[in-house]
Structures are given as C-alpha cells and as structure tokens.
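Here is a short report on selected features of one structure.

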Amino acid sequence: PAKSQQLEVLCTLLYYCKCSMSYSTLRFLVTHWEDVPLAYAGGCQGLLIDHLRHQHSPLSVLSGFMRVVRLEIADRLKVKPTVLLEDSLALFTVLMHTLLQRTQLLVREDPSLGEGYGVKLVRFKALLDFKLYQATHRTTKQREPSTLSDFRPLRVAFADNDAQFMHAPVVQDFVRLSWRGQDWLMETSKGNRPDTLAFLNPAIIHVVLCNHGLCPEWLHTMRLVSGVWHLHTFSSQAYFNSARARWVMRVLSTIVFLLLYVQVAGSLLPSWHGEAYFKGHMANDNSRSATLNLSIFLLFALGNVLETGQTLGMRTKEDAVRIVLANKTILLNLVLDLVLLAISFVFLLTSTGVCSLSELAFLRLEMVWSAMSPVLWGRALIVLIPLFSDLGPMLGTFKAMLSEVAMFAIPWAVITIGFSVALQSILGPIGLPGFYSFGENLLMLFIGFYDSVDWDSLEPLSGLGLDPEEVQAYRLYGILIFAIYSLVSTVLLGNLLIAIITNRYRPDEAKAQASLNFAEVVDYHAFQVDHFIMGSPFNIIALLTWWLPGGMRVKKAPKVFAPWAQNCLDGFVPATPHSLVLPSGRYEIPHLVYQLTLVPLMIAVSTAGFFLHLPICVGYFGVVGHKKLLSQIDAFQHTGSNARLASGGLPTFGSYNRSAAGLGARGNWFRSEQGYRDAAWMRERSVGAKSLAHAFGTTATYRSAQVATSRGNSSSQVTAESSSQASFGSGSGRSIANLELSVGQCAASAVKSAILAVVAMVLGLVAYVVIGLSLILLWSLWVWIGAVVWSLYNIATGIFSAWVDALCGVGGKLTERARVSPASASASSVKGGRQNLSAHECAMEESMERLRADRLEAAQLIDLDTLDKAIDATYGIGTAAATRMPPPKSLLKRAASQRGVRLPAGCLESLKEGDEELAP
C-alpha cells in the first residue's frame with residue numbers, strides 16, 4: 001500500500017537523515033502511530049524522542065508533539081483505542097515539565113541576565129513565545145510555522161488549556177514580566193537599585209528628596225508616588241505599550257460602565273433627573289437627561305459587543321464561530337452584551353418618543369434588564385484577577401463547581417419531574433390546593449429539596465368532602481410520595497451534590513488554573529498592544545476611523561525633544577534596542593486616547609499623593625533632615641584643608657573620595673554611612689571639647705581635653721586632671737558659677753535648637769512646595785501637553801504620508817515587497833542600509849534580526865547534555881545515550897528506488913558507505 005511505503009520512507013528520513021519535520025508530517029506519523037516499525041527506535045514514541053534530540057529548539061518541538069497527540073486522541077475518541085497515545089502524552093508532559101525546570105535553573109545561572117529584567121524577558125520570549133514576523137499592518141496574514149521548531153510553546157498551551165504548563169516557574173516569571181512590558185522594564189532597569197540617582201530609576205523623586213533630607217528612606221508610599229510620576233513623565237510611551245496599561249484602562253471603563261448601569265436602573269445612585277430612568281419616557285421634561293444617560297450607556301454596550309467581535313475576528317478568523325460555541329464563557333458574555341445592547345436601544349427609542357410600548361411590555365424589559373445585574377457584577381471579578389492573586393483560584397473553583405452543578409441538575413430534574421407527575425395526577429383532580437398544576441407541584445418539590453417537605457399541604461384533604469377512607473388513602477399516598485422523594489432527593493442526591501462539589505476543590509489544580517487565568521488576561525491585553533486596538537468604549541473611535549490609513553515610524557532620539565524642554569516622548573531609545581518603531585496614522589489614535597484619559601488621572605494622583613506626604617516630610621526635615629543636611633555641608637567644608645585634617649587625626653579628603661567611590665552608580669557621598677560618621681566625628685571634635693572647657697572654666701582644661709579626646713595620650717590626661725583639680729581647689733565658688741553658666745548655656749542651646757527646627761520646617765515647607773509645584777505638577781503638565789501635540793503630529797503625518805504614497809503608487813509596492821519576502825529584504829542590506837525599504841521597515845528588520853539572534857542564543861541554554869538528562873529522567877537511564885548505526889548509502893538508495901521515492905538532495909552526505917549487514 002502507498003501509505004505504508006510513505007510511512008517507511010518518512011521514518012527512514014527522520015531516523016537516519018535527521019530531517020526536520022513539519023506539522024502535516026507529524027499528523028501523518030501520529031495518525032499511523034501503531035504502524036511505525038519497531039526497527040526505528042522501538043516505535044513512533046522512540047522515533048519522536050530521537051528526532052527531539054537533534055533539534056535546536058526542543059521546547060517548541062515537544063509542544064508540537066503534545067498538540068498533535070492531543071488532537072489525535074480527540075479524533076480517535078470512540079473510534080480507535082487511545083491507550084498508547086495517552087501513555088505517550090503523559091510521558092511528553094513529564095518531559096516538558098522537566099525541561100522547564102532545568103531551563104529555569106539555566107536562566108538563573110545566565111550571567112547576561114544581570115543587566116535587568118528586560119533582558120530576562122527577551123530571553124524568556126525567545127524560548128517560549130518567539131514571533132516569526134513583525135507585521136507592518138495588522139491585517140497581514142499570519143505566517144504558519146514551517147517546521148516544528150517554529151512552534152510557540154505558550155501558544156500551544158493556550159490552545160490546549162494546559163494549566164500545568166502555565167504553572168511552571170519559568171512560565172510564571174515570563175507572564176509576570178510580560179505583564180509589565182518589555183520596553184518599560186528596559187526603561188526602568190535601575191529600579192532594582194532603589195538608591196540610584198538616574199532617570200532609569202522609577203523612584204528618582206524619592207531619591208532626590210532623601211538626598212536633601214526632605215523624606216525618610218523608610219517612607220515607601222513616597223516611592224509609590226514617585227513611580228506613578230515616572231510613569232506619566234519619563235516612561236509614558238513604554239507604559240502604554242504594556243498589557244498593564246490596557247488593563248488599567250479596562251478597569252476604569254468597567255467602573256464607569258457599572259455606575260452607568262445602576263444609574264439607569266435608578267438604584268444605589270440618585271438619578272440625574274430625580275426619578276428612575278425606566279419611568280423617564282413618561283416625563284417629557286426629564287427626557288433629555290434620560291436620553292443622555294442612555295446614550296452613553298448604549299455606547300458602552302456597543303463597545304463591549306464590538307470588542308468581543310473584533311478580538312475573535314482578529315485572533316481566530318475563520319474559526320471564530322467554532323471557538324465561540326466551544327467556549328461557554330465567551331458565548332455567555334456575547335449573549336449578555338447583545339441582550340443588553342438591544343434593551344438599551346429600545347429604552348433609548350422609548351425615551352426619545354420614537355416608539356412607545358405598553359406598560360406590561362416595558363415592565364418585562366425592565367425585569368430582564370434588572371435580572372442581568374448579578375451576571376454583570378460577577379463578570380467584573382474577572383477584570384480584578386491581576387489585582388487580587390487569590391481571586392483566580394476562587395473563581396476557577398467556582399466555575400468548576402458550576403459545571404458540576406449543571407451536570408447534577410439533569411438527574412435531579414428528571415427525578416423531580418417524575419415525582420411531580422405522581423403527585424399532580426392523583427391529588428390534582430380532587431382539587432387539593434397546591435396541586436392544581438404541574439408547575440405548583442414542581443415548585444413545592446424544589447422547595448422541599450433545599451428546605452423541607454411541606455407535610456401540612458395534605459391537611460386540606462379533610463375539607464374536600466371526601467369519604468374518610470378516601471381521605472386516609474389520599475393522605476397515605478401523599479405521605480409515601482413525600483417520604484420517598486425526601487429520601488431520594490434530599491438524602492441521596494443532596495449528599496451526592498456535596499460530595500461532587502467537595503471533590504472538585506483541589507488546591508493544586510486551582511492554583512494551576514489561576515496561573516492559566518492570569519496568563520490569559522495578560523495575553524488578551526498584550527494582543528491589544530500588538531495590534532493597536534483598545535477596549536470598550538474606546539474601540540468605537542477605531543470603528544469610526546477604520547477608513548484612515550496607518551503605518552509605522554522610527555523612534556526619535558531624546559535629543560530631538562531636548563530643545564523644547566521635553567522628555568523622551570518616544571521613550572529612551574538607547575535602552576530599548578529591540579523596539580525601534582512606533583505606530584503612526586490611525587494606529588497612533590489609541591495612544592492619543594491614552595494621553596487624554598489615563599495620563600491626566602495619573603498626574604492628579606501623583607500630585608495629590610505628593611502633597612499628602614507634606615506633613616510627614618516637612619516634620620521629618622525639621623527634626624532630623626536638616627541636621628543631616630547640615631552634617632553633610634559641614635563635612636564638605638572640612639574637606640578643604642587636607643593637611644590640617646590629617647594632622648588632627650580627622651578624615652582626609654582621600655577618605656571622602658573613597659567613600660564616594662564605594663557608592664558605585666549612586667556616587668553620592670551625602671547618603672553614605674561613612675559620610676555621616678565623619679561629619680558627626682568632626683562636630684564632636686569641634687563642639688564637644690569646647691563645651692567641656694566651658695564647664696570647667698579654664699583654657700588649659702579645654703586644650704587638655706581636646707588633646708585627650710583626639711589623640712588619647714595618657715600623659716595629657718594626667719595633665720588635664722591635675723589642671724582641673726588645681727583649678728577646682730583654688731576657686732570652688734568660681735567653678736560652681738561656671739557650672740551654672742554651662743547649664744544656662746545648655747538651656748539656651750535647647751531653645752536655639754527649637755528655633756532652628758521651626759526655621760527648618762519653614763524652609764522645608766517652602767522647598768517641598770516649590771518641588772511639588774514645579775517638578776511634580778507644572779513640568780508634568782508641560783510634558784503631557786508635548787505628548788498630546790506629538791501624538792497629533794504623528795497621526796497627521798502618518799495619514800498624509802500614506803495618502804501621498806498611495807497617490808504616487810510607490811509605498812504600497814514597497815510595503816508589499818518587504819512583507820512578502822523579509823529574508824530577501826534583509827539580504828539587500830548594504831553596509832547598514834537596505835535597498836528598496838523605507839526607514840521604519842529597515843528598523844523593523846533590524847529588530848527582527850536582534851530577536852533572531854536572541855533566539856539562537858537562548859537555544860544554546862538547552863544543550864544536548866541537558867536534553868539527554870531530561871530524557872533519561874523521564875524515560876529511564878540510557879534512553880538518550882542509545883547509539884544508532886546509520887544504514888549504508890547503497891541500501892538506502894535501493895530502498896528508495898524500489899518504492900519510486902526521490903530522496904531530498906543532500907540527505908545522504910551524512911551517511912557512510914557500509915555493508916548490507918549494518919541495515920536494521
């Protein structure tokens with residue numbers, strides 16, 4: 001048969017020639033799993049393991065194995081046995097987790113990752129989610145992987161809902177870093193050293209305040225305020241290009257959506273016009289405000305439907321309908337949004353007087369509207385998963401319990417319907433209250449399931465005018481039915497439901513499912529970043545501007561914005577070598593919306609947070625901070641005369657230099673512990689000895705005390721003691737007077753310190769307010785205005801350049817050429833420049849070259865020795881080290897010619913000539 005010949009040739013090419021494998025080839029091989037000859041590494045499983053050992057990207061190849069095996073198991077269900085495939089899938093899963101654990105250890109030991117979390121994220125992305133392309137247009141068709149090495153393990157895990165894969169430590173690290181964004185991590189690379197005075201440190205405001213004594217180091221809330229200020233001032237563009245920013249915008253829109261919902265329903269919040277909006281259609285004077293509120297809510301509902309359709313259409317394309325029908329959560333949200341949109345539209349038409357409904361019809365719509373409230377508020381919990389980590393396992397367990405309850409409802413409904421028919425058919429014809437209809441019987445039994453059976457419902461039998469024997473017979477029948485139902489439903493089915501729910505709560509699986517849920521949230525918002533789209537209701541703007549062109553542009557260096565006293569509006573380009581382009585034209589509109597909505601809110605939060613710390617910071621400066629600042633100034637004043645300091649035993653200027661050099665990147669002697677000790681030592685030398693001299697009233701005592709304190713000379717101590725005793729013995733009255741004078745001086749010194757503290761507080765208040773108004777507020781507003789103007793400029797220039805290229809008939813052809821053949825475009829580079837490519841296309845090609853180099857470098861982490869250890873740990877010692885003898889060329893050529901198969905060119909060069917006995 002032709003299939004058997006193709007299978008044998010395929011196994012020969014894979015086993016002896018070590019050829020690469022495509023997805024269709026793997027599907028063919030797994031479909032004929034049991035037909036693979038044992039001569040090839042003991043069967044299909046051994047053949048796949050041997051193929052895995054010779055690939056440069058084992059995680060990608062192994063994820064392809066697992067994906068195809070799962071699909072084959074689903075196709076064989078109830079048709080062919082799947083025991084061998086399930087056993088192999090279990091071993092592949094163990095091997096995957098072993099590789100992930102070893103990868104985590106290798107990444108930790110990688111010395112290049114000391115540069116920051118951004119480099120670590122690049123390495124993780126090269127291993128787990130490497131992109132084959134960077135589309136210049138979001139409608140560019142995705143390129144399918146040509147070989148198994150091009151598979152993306154993270155995409156496969158999402159497709160298979162592999163929660164255990166997402167729960168691996170290396171994958172969790174990758175997801176958490178992706179949540180913050182690659183550009184933002186690189187532009188805040190100094191954040192792991194919080195005392196560094198650098199623009200790449202998000203706590204730079206906290207560092208500046210601490211250096212000047214205006215803020216204590218333990219005030220971590222000020223560090224948070226500094227981080228928010230850094231987000232909208234220095235790293236605004238990088239923050240917008242992260243999944244976290246899109247999530248924040250979604251949280252804000254969800255809050256507004258729920259507030260509008262309760263406002264329309266006339267609950268919790270007072271209505272704008274004084275009565276419920278459902279009644280607004282009957283009040284002509286209030287119709288305008290009702291129409292406004294309903295219109296805004298209608299936009300949110302339309303945005304929800306548009307977001308679901310847009311995401312499904314762009315991510316799944318032709319499989320959108322199948323995925324919606326298979327995913328119950330997406331289907332429920334879509335149906336809920338459609339119903340909400342339809343009812344909102346009817347309410348709007350009724351409020352404007354376009355149409356009119358009867359009171360009963362309007363009441364029914366109002367009931368449907370209000371009944372959706374629990375689902376809407378429950379759906380908001382999904383948005384809060386990144387904020388509350390423990391919420392993920394709880395929601396996962398709750399969802400699993402709901403599925404079990406839904407399955408339990410089928411046998412319960414069947415049994416309850418049977419008992420309801422038994423009651424209604426006998427007790428209904430005699431006119432017993434509560435048993436007239438089937439619905440009443442069903443409701444009574446449902447109440448009896450969770451509460452208790454209403455035994456008193458049989459008491460009215462005696463008042464129906466029946467014979468005593470008939471009454472007794474009907475009562476006995478009802479009691480028997482109620483008793484049997486209580487036994488079956490309440491005792492058996494109720495305990496069964498409790499056992500099912502208890503069995504579904506598995507903490508390990510719940511945590512793994514929580515990791516998958518968080519990864520899905522991150523991936524959902526990262527998809528919006530990659531495709532320049534926004535969530536509801538901002539996506540309506542994209543719907544209105546779909547006809548405008550969009551493109552990419554090259555990032556501008558910081559020096560471009562420096563003459564205008566602006567910050568890096570395109571980000572700090574030297575810190576982000578992997579991201580050299582930004583969107584323009586229509587694709588820049590989301591960034592403009594972000595600047596007009598979220599950035600003003602962040603400016604208000606950072607300013608309010610800064611001034612809320614005013615009492616703490618000013619009080620700290622008046623009590624401690626000014627002393628620290630004076631000590632630092634005093635220390636620098638004493639560094640001028642090195643000879644005098646050295647002769648007096650004081651620290652020399654060289655010691656200050658050593659202290660400053662020991663600070664590393666911080667380079668600030670002010671905040672070094674050695675600087676504090678030196679300044680305090682000098683102040684004790686200059687003030688402490690003088691106080692001692694004034695206390696005893698003689699100049700000789702002061703000089704002796706100074707020598708005794710500074711040099712520790714024993715003879716000087718004896719001289720000081722003798723001089724002190726002589727002075728005290730000659731004039732005790734004078735010593736007492738001097739002592740009283742010293743006490744008075746101490747009191748005066750205390751008053752002086754208090755006055756100094758008050759003055760310091762006033763100065764600290766002035767300095768703090770000046771910093772807050774100038775740096776925190778005014779400069780932030782100036783940078784924000786510049787960012788808005790720059791965004792508008794990029795939108796206009798992107799649209800204009802696209803129209804000019806379209807009119808000239810050049811840009812489209814160039815873009816198409818670069819999109820179809822990026823390899824040829826890369827090969828056309830000549831000494832740093834690329835022919836027939838625009839500037840942003842050259843930048844994108846340069847970024848892709850960097851990513852490819854990172855992928856090759858990351859692939860070297862999992863070498864053959866590491867892979868062999870993982871295989872031996874999974875399949876047994878010696879599995880990976882088994883030697884295999886290649887067949888002679890003559891035998892392979894004859895076998896191919898007999899079957900009429902043409903071998904690929906170059907597949908025989910690695911084989912050696914040998915005897916016929918070497919063939920398996």
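Buried means under 20% relative accessible area, exposed means over 50%, and partly exposed lies in between. The model is predicted.

## Salt bridges around Arg155

The count of salt bridges comes to 15. Two of the pairs involve Arg155. Its side chain meets Asp129 at 3.3 Å, N to O. This pair links distant parts of the chain: Arg155 sits in helix H7 (residues 153-160), and Asp129 in the loop between helix H6 (117-128) and H7, 26 residues apart. Asp523 also meets Arg155 in a salt bridge, at 2.5 Å, N to O. Here the link runs from helix H23 to helix H7, across 368 residues.

Asp523 is buried because its relative accessible area is 12%, under the 20% limit. Asp129 has 8% relative accessibility, so it counts as buried too. Arg155, at 24%, is therefore partly exposed.

## Helix H23 at Ser515

Helix H23 spans residues 507-530 and holds Ser515. Ser515 counts as buried because its relative accessibility is 14%. Leaving aside residues up to four places away in sequence, Ser515 touches Met166, His167 and Gln172.

## The strand pair

Strand S1 (residues 550-554) and S2 run antiparallel, joined by five bridges. Val554 has Val581 as its bridge partner in S2. Strand S2 covers residues 581-585, and five of its five residues are buried.

Asp570 pairs with Arg553, with the closest N and O atoms 2.9 Å apart. Asp570 lies in the loop between S1 and S2 and Arg553 in strand S1, so the pair ties together parts 17 residues apart in sequence. Both Asp570 and Arg553 are buried.

## A salt-bridge network

Which residues are linked in a network of salt bridges? Arg67, Arg70, Asp160 and Asp162 are.

## Helix H14

Helix H14 (residues 243-265) has 23 residues. From first C-alpha to last it reaches 33 Å, close to the 33 Å expected at 1.5 Å a residue. Of its 23 residues, 17 are buried, so H14 is largely enclosed by the rest of the structure.

## Cysteines

The disulfide count is zero. The cut-off is 2.5 Å.

Cys215 counts as buried, because its relative accessibility is 1%. Cys17 is buried as well, with a relative accessible area of 11%.

Note on methods: Residues numbered from 1 in each chain as written. Predicted model: local features only at pLDDT ≥ 70, side-chain atom pairs only at ≥ 80, totals over all residues. Heavy atoms only, no water. Buried < 20%, exposed > 50% of the residue type's maximum accessible area, 1.4 Å probe, protein only. Helix = DSSP H or I, 4+ residues; strand = E, 2+ residues; numbered from the N terminus. Expected span 1.5 Å × (residues − 1). Contact = heavy atoms within 4.5 Å. Pairing = 2+ DSSP bridges. Salt bridge = Lys/Arg side-chain N within 4 Å of Asp/Glu carboxyl O.
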